Number of protein chains: 2
Amino acid sequence: MPPPLWLMRQAGRYLPEYQAVRKQAGSFWTMCMTPELAVEVTLQPVRRFDFDAAILFSDILMIPHALGQKVRFEDGTGPIIEPLRAVEELDRNEENWESRLAPVYSAMANARRALAADKAMIGFAGAPWTLAAYMIEGRGTAEQRDARLFAYQNPQEFAQLLDILVGATARHLARQIESGADAVQVFDSWAGGLPPVMFQQWVVEPTKRLVAKLHTGHPRARVIGFPRGATQWGLEAYAGETGVDAMGIDTATSLHWAASALGKRVVVQGNLDPLALVAGGTVLERGVSDILGAMRGTPFIFNLGHGVLPATPVEHVAKLVELVRSAA
Amino acid sequence: MPPPLWLMRQAGRYLPEYQAVRKQAGSFWTMCMTPELAVEVTLQPVRRFDFDAAILFSDILMIPHALGQKVRFEDGTGPIIEPLRAVEELDRNEENWESRLAPVYSAMANARRALAADKAMIGFAGAPWTLAAYMIEGRGTAEQRDARLFAYQNPQEFAQLLDILVGATARHLARQIESGADAVQVFDSWAGGLPPVMFQQWVVEPTKRLVAKLHTGHPRARVIGFPRGATQWGLEAYAGETGVDAMGIDTATSLHWAASALGKRVVVQGNLDPLALVAGGTVLERGVSDILGAMRGTPFIFNLGHGVLPATPVEHVAKLVELVRSAA
């Protein structure tokens with residue numbers, strides 16, 4: 001049996017039909033906030049490639065938006081938000097969150113209805129640490145220096161921010177599940193590079209609280225954690241302590257190692273190099289067969305180690321699907 | 001006995017006396033290429049803080065410069081080089097390399113003479129993979145996508161480029177040792193994020209050939225490897241196979257783990273978070289005492305996990321020295 005297969009950022013710029021909707025919408029944010037458009041681009045890659053799951057087209061910055069931070073998307077530079085000056089600025093009213101994010105839950109409900117019953121519908125959110133870093137820095141940065149320094153210099157205020165984010169993220173994931181999501185993924189895109197003590201405090205512990213909170217109302221909610229860039233030590237702590245059901249593994253981590261170290265506790269998901277999908281040919285074939293070989297006999301979801309790149313030829317994605325599906 | 005102590009980028013912008021020389025020189029490159037200025041900034045931090053080692057003020061882009069690539073430094077953006085189009089463009093004449101890099105070797109000889117006999121003089125070079133990535137991309141990038149795609153799509157030409165860099169880097173390190181360096185550090189700044197097979201092919205194997213080549217003429221040359229961002233799996237392969245005597249460990253890696261997994265094969269060097277040095281206070285004190293605790297009884301060099309940041313208060317560096325020196 002081939003493993004289930006979907007790709008992070010499978011709804012994206014490499015698809016001509018996505019580009020057409022993007023052009024029509026005028027902006028990335030409009031696509032996220034207009035349910036018909038979000039549903040359309042969510043379903044496009046499943047239609048074209050018959051993936052086993054759709055992931056809702058949305059953005060991790062929905063939470064800062066729900067909390068009242070100003071978010072804008074600029075072509076080329078990625079999203080920009082007004083840097084947070086004080087935790088008190090944040091809007092803690094859950095009804096306001098709900099009304100700001102209503103289009104996301106509509107899109108989820110409509111996408112789940114439109115998707116075939118044998119396909120999984122995945123919701124998602126940014127993890128508390130990654131969101132905190134974004135909210136403090138105002139934009140994506142290579143090393144999150146301002147956020148890390150803020151956390152060192154203001155440990156109490158930083159802990160308070162993480163707490164707010166645990167609550168808001170748990171609520172956002174719960175609402176996605178109530179709207180039809182079969183599973184949710186928590187993206188900790190900036191979990192890499194943290195000292196081990198900080199990884200424990202800022203990644204493992206908030207994620208554990210987030211999963212516990214989500215399970216309070218939704219005990220059977222399936223959660224995929226993705227602490228990108230984590231060390232092996234960090235991945236073991238994450239698998240052992242957070243309560244997630246599955247873990248996304250990035251491209252730098254050995255799947256042989258992940259199968260034996262994590263595979264008994266969580267379903268492993270990953271980890272083809274997105275650049276191997278751009279390159280195609282023997283690089284792609286070898287990449288796929290190495291992964292299938294490493295994961296034989298272990299519960300596994302085939303995915304990339306990071307999102308699909310805009311430069312990816314669509315025929316390479318079709319080839320990937322063919323390679324994975326023809327696996328014994 | 002406290003461990004020996006030096007800091008990556010200890011000669012740098014956080015020091016007012018460095019800023020004064022930088023202003024006088026007019027450019028970073030002029031400082032590198034004017035032996036009196038390079039020697040002066042090399043010695044400044046040892047004078048001020050009594051570090052146990054000086055590292056020659058220079059740059060990893062000396063090798064692309066030696067090979068005939070045009071290198072320029074722009075304030076704010078970091079160094080820029082003309083992206084390599086074909087390996088044949090590179091100047092393979094070793095006499096040309098020697099004459100282009102003569103100021104570096106003069107600076108090394110003069111710095112060694114000026115430095116107290118009980119202080120170690122360290123030379124350095126970029127590792128082949130990191131240099132190849134820089135030469136292909138033309139500038140520092142977060143994920144080296146163009147270089148990795150080039151390597152996937154042109155494996156033979158990429159292997160040829162790594163071979164040239166192994167040769168040029170071995171020669172550059174040998175000339176620094178002949179000029180007075182007591183040890184050399186190989187910076188693989190972009191070793192992180194590579195799939196395990198690529199880490200083996202692009203980081204471990206070229207470094208192994210580099211160390212072997214250097215040891216041919218200089219069997220007792222001491223080499224510190226710094227594969228920044230490597231996974232634990234990668235660090236073990238690097239420690240076991242490359243032949244380096246010591247290894248720099250970045251901030252994300254547990255020193256407890258490094259002491260037990262690597263400490264029998266190599267001297268471990270690291271890994272205080274540079275941001276803990278910016279923050280100071282209890283964050284700095286706890287960081288130092290955790291490291292000293294983890295490394296008790298293991299051969300060890302105290303350093304940061306990455307370079308000193310420009311925002312670092314000089315009094316925090318003085319405090320760090322005091323904390324390390326007062327260790328039992």
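Reader: Through which surface do the copies meet?

Author: This is a predicted model. In it, 100% of the interface residues of chain A are also interface residues in chain B. The copies therefore meet through the same surface.

Reader: How is chain A related to chain B by rotation, and with how much shift along the axis?

Author: Chain A is superposed on chain B with an RMSD of 0.0 Å. The two copies are thus related as by a two-fold rotation axis.

Reader: Which element gives the most to the side of chain A that touches chain B?

Author: The contact takes 25 residues from chain A and 25 residues from chain B. On the side of chain A, the elements that give two or more residues are helix H7 (145–153), helix H10 (232–241) and helix H12 (274–279) of chain A. With five residues, the element that gives the most is H7(A).

Reader: How do the residues of that side of chain A divide into nonpolar, polar and charged?

Author: The side in question is the one that touches chain B, to which chain A gives 25 residues. These residues divide into 14 nonpolar, eight polar and three charged.

Reader: Which strands stand at the edges of the open sheet of chain B?

Author: The open sheet of chain B has seven strands in the order S1-S4-S5-S6-S7-S8-S9, with parallel pairing. Neighbouring strands are turned by 25 degrees against each other on average, direction ignored. Each edge strand has a single partner strand, so one side of each is left without a neighbour in the sheet; the two are strand S1 (53–55) and strand S9 (300–304) of chain B.

Reader: What is the bridge partner of Phe124(B) in S5(B)?

Author: Strand S4 (residues 120–126) and strand S5 (residues 183–188) of chain B pair in the parallel sense over five bridges. In S5(B), the bridge partner of Phe124(B) is Gln185(B).

Reader: Which element of chain A is included in what covers the buried residues of H10(B)?

Author: The buried residues of helix H10 (residues 232–241) of chain B include Leu235(B) and Tyr238(B). From chain B, the cover includes helix H9 (196–217), strand S6 (222–227), strand S7 (246–249) and helix H11 (255–261). From chain A, the cover includes H10.

Reader: At about what angle to S6(A) does H10(A) run?

Author: Strand S6 (residues 222–227) and strand S7 (residues 246–248) of chain A run parallel and are joined by two bridges. H10(A) lies across S6 and S7 of chain A, and its angle to S6(A) is about 165 degrees.

How values were computed: Residues numbered from 1 in each chain as written. Chains lettered and ligands numbered in written order. Predicted model: local features only at pLDDT ≥ 70, side-chain atom pairs only at ≥ 80, totals over all residues. Least-squares fit on C-alpha atoms with pLDDT ≥ 70 in both. Contact = placed C-beta atoms within 7 Å. Helix = DSSP H or I, 4+ residues; strand = E, 2+ residues; numbered from the N terminus. Nonpolar A, V, L, I, M, F, W, Y, C, P; charged D, E, K, R; others polar. Pairing = 2+ DSSP bridges. Axes fitted to C-alpha atoms, helices over the stretch in contact; angles between N-to-C directions. Buried ≥ 20, exposed ≤ 12 C-beta atoms within 10 Å, placed from the backbone.
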